[in-house]
Amino acid sequence: RITMVNAETSSITSQDCKIVYPQVRRTDVSYTQHGVTVADPYSWLETLDSEETKSFIEDQNKIAAEFINRFEDKQKFKER
């Protein structure tokens with residue numbers, strides 16, 4: 001359950017929602033910085049012009065839009 005409060009009117013909107021995220025590829029990439037090995041399984045997302053990254057961003061934007069469109073005050077978010 002997600003609850004949003006409109007700061008101007010103090011109205012409260014609650015929605016039941018279950019967000020289903022798409023599967024995301026993970027890699028075994030890691031790097032060592034100052035002697036500490038750090039796993040970076042999503043480093044492939046740093047290549048912004050790759051088709052895979054663009055597809056990932058589109059999928060995430062669809063999820064966000066579906067979530068935001070559930071709330072009555074969504075226009076106020078667009079205006080900000």
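At 60% relative accessibility, Glu51 counts as exposed, because exposed means over 50% relative accessible area, buried under 20% and partly exposed in between (1.4 Å probe, protein chains only). This is a predicted model, in which local features need pLDDT of at least 70, side-chain atom pairs count only at pLDDT 80 or more, and totals for chains, interfaces and linings use all residues. Residues are numbered from 1 along each chain as its sequence is written, and side-chain values use heavy atoms, with hydrogens and water left out.

**Exercise 1.** State how many helices and strands the protein has, and give their order.

*Solution.* Start with the rule. Helices (H or I, at least four residues) and strands (E, at least two) are DSSP runs, numbered from the N terminus. Now count: the protein has 2 helices and 4 strands. Then read from the N terminus: the order is β-β-β-β-α-α.

**Exercise 2.** Find the salt bridges in the whole structure, and place their residues.

*Solution.* Side chains of opposite charge can pair when their charged atoms come close. Next, the cut-off: a salt bridge is a side-chain nitrogen of Lys or Arg within 4 Å of a carboxyl oxygen of Asp or Glu. The search finds 2 of them.

Step one: Arg25 and Glu52 form a salt bridge, 2.8 Å from N to O. The pair links distant parts of the chain, 27 residues apart. Arg25 sits in the loop between β2 (12–15) and β3 (30–33), and Glu52 in helix α1. Arg25 is partly exposed at 38%. Glu52 is partly exposed too, at 35%.

Step two: Lys54 and Glu51 form a salt bridge, 3.8 Å from N to O. Both lie in helix α1, 3 residues apart, about one turn of the helix. Lys54 is partly exposed at 36%, whereas Glu51 is exposed at 60%.

**Exercise 3.** Is Phe56 partly exposed or buried, and which residues does Phe56 touch beyond its neighbours within four places in sequence?

*Solution.* First, locate Phe56: it lies in helix α1 (residues 51–68). Second, classify it. Phe56 has 22% relative accessibility, so it counts as partly exposed. Third, list the contacts (heavy atoms within 4.5 Å). Beyond those neighbours, Phe56 is in contact with Val24, Trp44 and Leu45. Last, take Val24. Phe56 and Val24 are 32 residues apart along the chain, yet their C-alpha atoms are separated by 7.9 Å.

**Exercise 4.** State what share of the protein's residues is buried.

*Solution.* Take the 80 residues of the protein: 12% count as buried.
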